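This briefing covers a single protein chain. Please look over the sequence and the model before reading the points that follow.

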Amino acid sequence: MNNKKNIHVIVATGEWDQDNLRYRRHRLAEYLESHPDTEEVIWVCPSITKHAESFRLLENGIKQYTVNDIHSHKLSRFGRYFDNFYKGKLQRLKKYLDGKSTQSSLYLWCTFPGFPGMVDLCAWKETIYDCSDYWASSITGNKNIVLMMREKSILQAEKRIAENVDTIFCTSDFLYENLKQEYNIKADQFVMENGVEYDLFQTSDKPTGVERKSDLVLGFIGGIKPKLDFDMLYRLMSLKSNWELLLVGPDGTDGHPDFKKLQSLNNVNWVGKVPPMEVPHYMNALDIGILPYKKSPYNNAVFPLKLFEFLGAGKPVVGMNLPSTQKFSEPNVYEYLINDTVDNVIETCETLTSTSNASIVKRRKELAASKDWNNIFEKMYQIVMK
């Protein structure tokens, strides 16, 4: 009988609390950490901050292993995709895992294409690529020499991972098809969309310091990034001065002028980043969740975390330019707009406010409950442990 415990190594995009947001990989790590067959979870990540010690035990029991970037400048991040720049920094981790390999089963979960040499680092029992982004595509849609070099670097790293792991999970149909077309995939491949911590959103608590000032409150909660259509939001909120837009999340726009312009409106309230456990409170401060994405190759692959979180809180959702979410479109639940003109957004929001009732709220919650993270990760875990 095999009584070995499992060590799960997760290759992540950054340090655990880098921007105070909880992504899919955070929830995966917590699920694995809580599993009775787990010995430990190691979060391997690049760091723009120089750390003297690679290993650090986090408060949640997860062990973090940082790999220092060669420089803090963004351009230096290309080193994450080429062995020569990080291989030596992984030697302490390799020695640690080699020492554990006779008593424990080692599992590698790559959640972005960084450090592709991890696939060959040690004797893994199983290797997994959990693909949640169209990594090589620019989030802004811009094209220049630097971005082309970035794309080439990421593609060669992703190719190495995708063609050598045992199992691939994708968060959208687009990502599933893209990997199949771009690479010679030998692994078993599955679509596993993002989910929701359903129980967390079953609260009536509201945030402190946020007062309702309008007839209708639209809300976006998450990282504020250039993939959002700030220009459309500006035109929308200019036309509907009796409505309010509540934005909750850290500014990842790097000073984007369209975001600054949007903030200049009196009916736009950006509160910045908030603790993850308070996100459900902000859901209760709005009437309609909005997913205002631009049309772009990057957004074709996006399956936003907030879709089922809005629904879990009983809120209707209006989304646009997120084709991977269209399969969940349902009247008065998730209104996916093919025609994302400002007039159509206004008409849809007005319809939602006039048709909501207890049975519709129940349906929203039922859909969200079917996408609880624990259910999703349990399915993934059973596939990996087959």
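How many disulfides does the structure hold? The structure holds zero disulfides, a disulfide being a pair of cysteine sulfur atoms within 2.5 Å. The model is predicted: local features need pLDDT of at least 70 and side-chain atom pairs count only at pLDDT 80 or more, while totals for chains, interfaces and linings use all residues. Residues are numbered from 1 along each chain as its sequence is written, and side-chain values use heavy atoms, with hydrogens and water left out.

**Overall form**

- The protein chain contains 13 helices and 14 strands; helices (H or I, at least four residues) and strands (E, at least two) are DSSP runs, numbered from the N terminus.
- The radius of gyration of the protein chain is 21 Å, which agrees with the value near 21 Å for a compact globule of 386 residues. This radius is taken over C-alpha atoms, and the globule rule is 2.2 Å times the number of residues to the power 0.38.
- Along the principal axes, the C-alpha atoms fill a box of roughly 65 × 50 × 40 Å.
- Contact means heavy atoms within 4.5 Å. Of the contacts between residues at least 6 apart in sequence, 68% join residues at least 24 apart.

**Surface and charge**

- Of the 386 residues, 55% count as buried. Buried means under 20% relative accessible area, exposed over 50%, and partly exposed in between (1.4 Å probe, protein chains only).
- The chain exposes about 17300 Å², of which carbon and sulfur atoms supply 49%. Accessible areas come from the Shrake-Rupley method with a 1.4 Å probe, and for residues only the protein chains shown count as cover.

**Cysteines**

- The cysteine sulfur closest to that of C45 belongs to C110 and is 14 Å away, too far for a bond. C45 is buried, at 0% relative accessibility.
- For C131, the closest cysteine sulfur is in C170, at 5.2 Å, which is also too far for a bond. C131 has a relative accessible area of 0% and is buried.

**Helix α1 and R24**

- Helix α1 spans residues 24-34 and is largely enclosed by the rest of the structure, because eight of its eleven residues are buried.
- The buried residues of α1 are R24, R25, H26, R27, L28, A29, Y31 and L32.
- R24 has a relative accessible area of 4%. Leaving aside neighbours within four places in sequence, R24 is in contact with residues including D130, S132, F169, T171, E193 and W373.
- R24 and K260 are 236 residues apart in sequence, and their C-alpha atoms are 29 Å apart in space.

**Helix α13 and I376**

- I376 lies in helix α13 (residues 373-384) and is buried at 7% relative accessibility.
- Not counting residues up to four places away in sequence, I376 touches M192, E193, N194, G195 and K371.
- I376 and V196 are 180 residues apart along the chain, with 9.5 Å between their C-alpha atoms.

**Positive phi angles**

- Most residues other than glycine have a negative phi.
- F115 is not a glycine, yet has a positive phi of about 50°. F115 is in the loop between β5 (104-110) and β6 (126-131) and is buried, with a relative accessible area of 1%.
- N321, also not a glycine, has a positive phi of about 55°. N321 lies in the loop between β13 (317-320) and β14 (334-337) and counts as buried at 13% relative accessibility.

**Other loop residues**

- K240 sits in the loop between α6 (230-239) and β10 (243-248). With a relative accessible area of 16%, K240 is buried. Beyond residues up to four places away in sequence, K240 touches N267, I346 and E350.
- G209 is found in the loop between β8 (188-191) and β9 (216-221) and counts as exposed at 80% relative accessibility. The C-alpha atoms of G209 and P276, 67 residues apart along the chain, are separated by 17 Å.
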